[in-house]
Amino acid sequence: MVEQAEVPSEQRMRQLAMITAVAAIAPLSLLGVAVTAASWWEGATAAIGYLLTLGVLREWNLDRYPRRAMLALIFTAVGWGIGSLTASSPISFVPLSLVGAMLLARTRRRTLWFLVFAAGVSALGASAFLFHRVTWELAALYLASPAVGTLFISGVIVFSEHVWLVVRRLKQAARTEAELAVAKERMRFAGDLHDIQGHTLHVIKLKAALAHRLVRTDPDQAVSELADIRQLTSHTIEETRTLAYARRRLNLPAELENAKKLCQAAGIDVTTEVADGSGTNPHELLAQVLREATTNLLRHASPTHVTITAGPDRIEITNDGVRAEHAPLRGLARLRERLEASGGTLSVQHAPPTFTVAARIDPPLDGTPAGTEQ
């Protein structure tokens, strides 16, 4: 099972981004409104602007613009213009800057657009000079503060969206990782199913052909071969069932005996050399290598002699019936990947007419066949 770090949902990230923006901007803005508002209607106008901005923040999305964004932009621009003309609310640019920054955050060359927007907000604030005497204080409140404040708010919005985007990509990566894990498990299952079905079906094919030849010359032997076919079919059904419930476990000694019988049934001379490994259970992958190699030599070669050398940490199968060109190593290639992932090795030597498959991997430390799905 693939363990994944918990990634916040899209709704959660929207809330976090909104909280970040509000926490960075709202306290000073509200304090400024409270200090500078000269009448109740000025405070009410500012409050409406902030409520519209909050509504836009609630619809904040990385994929589309909020529906009320243009309405909020127009209203907050009017509010900032009135506050500038009356020189009564130097902080009322904040809702306009916030909505505008959200609209510009995903534009191309956004840094340039932020500078232009900050200049526009500052230019709108310059309307304070139409009915009031120009002073350094008035310039600082309605020119410098809106420009700097707009750039600061733009930075907060860009930072929040960047974090939001990073988290979204992490979530997509986690989803992709889970899908890859499922695909990998399906490939493993398909490979194991191929090992079971392909091997046994080929043996059944050989035994059926043998029974067909013996049905007239040696009926008793033909009946015996048919009984073997029935037994093999039942065994395959059982193995498929255990594979489906992730309980399949291969045993190297049993596979050695099975490979010997299969080769002998096909008229192939077999020599087995088994090293003493008392008390040690060979790795299950060695049994799978033996099964795959046996299937391949029965299917793709015409050997007269097969040598199998086995030990607690290795298996080697050599046959003398390959052609100059041989079939691609699909099953063995998958097994090589699994062996290497478990710290083992698999090598193939092709020197016509001989073909050798050798695998090596240390037995599991706990004495049970490793690589088994429970």
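Trainee: What makes the contact between the side chains of R360 and D313 a salt bridge?

Mentor: First, keep in mind that this is a predicted model. The N to O distance for R360 and D313 is 3.2 Å, and the cut-off is within 4 Å, so the pair qualifies as a salt bridge. R360 sits in strand β5 and D313 in the loop between β2 and β3, so the contact ties together parts that are 47 residues apart in sequence.

Trainee: Why is R360 called partly exposed?

Mentor: Its relative accessibility is 44%. Buried means under 20% and exposed means over 50%, so R360 falls in between and counts as partly exposed.

Trainee: How many salt bridges does the structure hold?

Mentor: There are 4. One of them joins K207 and D228, at 3.3 Å from N to O. K207 is in helix α6 and D228 in helix α7, so that pair bridges parts 21 residues apart in sequence.

Trainee: Is K207 buried or exposed, and how do you know?

Mentor: K207 has 11% relative accessibility, which is under the 20% limit, so it counts as buried. D228 comes out at 26%, so it is partly exposed.

Trainee: Which residues do salt bridges with shared partners join into one network?

Mentor: K207, E225 and D228.

Trainee: What about E255 and R291, how close do their N and O atoms come?

Mentor: The closest N and O atoms are 2.8 Å apart, and the pair forms a salt bridge.

Trainee: Moving to α5, how do you know its length fits a helix?

Mentor: Helix α5 has 16 residues, and at 1.5 Å a residue it should span 22 Å. The end C-alpha atoms are 22 Å apart, so expectation and model agree.

Trainee: Which residues of α5 are buried?

Mentor: F114, F117, A118, V121, S122 and G125.

Trainee: What makes you say they line one face of the helix?

Mentor: Look down the axis of α5: the buried residues fall within an arc of 135 degrees, so they line one face. As background, an α-helix has 3.6 residues a turn, so residues three or four places apart point the same way.

Trainee: What kind of peptide bond joins P352 and P353?

Mentor: A cis one, with omega at about 10 degrees. P353 is found in the loop between β4 and β5.

Trainee: Last topic, the second largest pocket: what is its volume?

Mentor: About 500 Å³. Its lining has 20 residues, and the closest to the centre are Q231, L232, H235, N258 and K261.

Trainee: Which helix gives the most to that lining?

Mentor: α8, with 7 residues. Helices α6, α7 and α8 each supply at least two.

Trainee: What classes of residue make up the lining?

Mentor: The lining of the second largest pocket has 8 charged, 6 polar and 6 nonpolar residues.

Terms used: Residues numbered from 1 in each chain as written. Predicted model: local features only at pLDDT ≥ 70, side-chain atom pairs only at ≥ 80, totals over all residues. Heavy atoms only, no water. 1 Å grid on protein atoms, 1.4 Å probe; cavity = no way out; pocket = protein on both sides within 12 Å on 5 of 7 lines; lining within 4 Å. Points joined across faces, edges and corners; volume = space filled by probe spheres on them. Helix = DSSP H or I, 4+ residues; strand = E, 2+ residues; numbered from the N terminus. Nonpolar A, V, L, I, M, F, W, Y, C, P; charged D, E, K, R; others polar. Expected span 1.5 Å × (residues − 1). Buried < 20%, exposed > 50% of the residue type's maximum accessible area, 1.4 Å probe, protein only. Arc of directions from axis to C-beta.
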